[in-house]
Amino acid sequence: MITLTKSLEHMAWSNQKVFEQLSKLPDDIYGFRAAEGEWPVGQIATHFLGSGEWYRFLLTGIKWTELEKIQTHEILARSAKHLAELDKVMIEESLKPDGEITFIGDDEKEHKTTRGLVLAQAVMHTAEHKGQLATILKMHGYHLDLDALDHWSFAANQ
């Protein structure tokens, strides 16, 4: 049977690699944006954690925590550890049978989804934001090497 587990493992590995690559760039990258009014790099990096906390809530009922906004390499390093914990929860959840999940949304209404759909969204969502980070950094003269984070690189490092 094909599962999402390997995709989630790849996601977790590449999340850590993205944070590692960011930590090697100057501290001012956290304020870089694609355009006025768009989220800066630091907010997107923080969003990785906020999303992970939302997915964890949907899957386990554990409420999200107050997140520190990523604005320095020091905060990024602490946040990388928390992101690894959140990613681990999703990998563990992928080992369970798929099933319906009911939750109360921001609109205070009851919504339904499935465990598998939440986990698939986690993988897709993080990939979208990695591309966004790479684009913003390229616009400011820096390179986020997404090719080093692809499936082939992941498989070679296992």
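**Close-up views of a predicted model**

**Figure 1. S94 and the residues packed around it.** Skipping neighbours within four places in sequence, S94 is in contact with T5, L8 and L119, contact here being heavy atoms within 4.5 Å. This is a predicted model, so local features need pLDDT of at least 70 and side-chain atom pairs count only at pLDDT 80 or more, while totals for chains, interfaces and linings use all residues. Residues are numbered from 1 along each chain as its sequence is written, and side-chain values use heavy atoms, with hydrogens and water left out. S94 sits in the loop between α3 (73-93) and β1 (100-104); helices (H or I, at least four residues) and strands (E, at least two) are DSSP runs, numbered from the N terminus. Is S94 buried or exposed? It counts as buried, because its relative accessibility is 14%; the cut-offs are under 20% relative accessible area for buried, over 50% for exposed and partly exposed in between (1.4 Å probe, protein chains only). T3 is 91 residues away from S94 in sequence, yet their C-alpha atoms are 7.7 Å apart in space.

Figure 2. Helix α2 covers residues 41-60, 20 residues in total, and runs 29 Å from its first C-alpha to its last. That is close to the 28 Å expected at 1.5 Å a residue, where the expected span is 1.5 Å times one less than the number of residues. Most of α2 is covered, with 15 of its 20 residues buried. Just past α2 comes G61, with a positive phi of about 85°.

**Figure 3. The nonpolar cores.** A nonpolar core here is a set of buried Ala, Val, Leu, Ile, Met, Phe, Trp, Tyr and Cys residues joined through side-chain atoms within 4.5 Å. Which members of the largest core touch the most other members? Out of its 23 residues, they are F19, L22, I29, V41, I70, L133 and L137. At least two residues of this core come from each of α1 (5-23), α2, α3 and α4 (115-139). α2 makes the largest contribution, at five residues. Another core lies apart from this one; it has 15 residues, including A12, F57, F103 and A122. Zooming in on L133, and not counting residues up to four places away in sequence, it touches V18, V41, I44, F48 and L144.

**Figure 4. Helix α4 from end to end.** This helix has 25 residues and stretches 37 Å between its first and last C-alpha atoms, close to the 36 Å expected at 1.5 Å a residue. G141 follows α4 and has a positive phi too, near 90°.

**Figure 5. The salt bridges around R78.** A salt bridge means a side-chain nitrogen of Lys or Arg within 4 Å of a carboxyl oxygen of Asp or Glu, and the structure holds ten of them. One of these joins the side chains of E68 and R78 at 2.8 Å, N to O. E68 is in the loop between α2 and α3 while R78 is in helix α3, ten residues apart, so the pair links distant parts of the chain. R78 also meets the side chain of E74 in a salt bridge, at 3.1 Å, N to O. E74 and R78 are about one helical turn apart, because they are four residues apart in helix α3. Together, E68, E74 and R78 are linked in a network of salt bridges. How covered are they? E68 is partly exposed at 42% relative accessibility, R78 is partly exposed at 39%, and E74 is exposed at 56%.

**Figure 6. E92 and K88 on helix α3.** The closest N and O atoms of this salt bridge are 4.0 Å apart. E92 and K88 both belong to helix α3 and sit four residues apart, about one turn of the helix. E92 counts as partly exposed, with 42% relative accessibility, and K88 is exposed, with a relative accessible area of 52%.

**Figure 7. Stepping back to the whole chain.** Five helices and two strands follow one another in the pattern α-α-α-β-β-α-α. The C-alpha trace spans about 45 × 40 × 25 Å along its principal axes. Of the 158 residues, 43% are buried. Among contacts between residues at least 6 apart in sequence, 66% join residues at least 24 apart.
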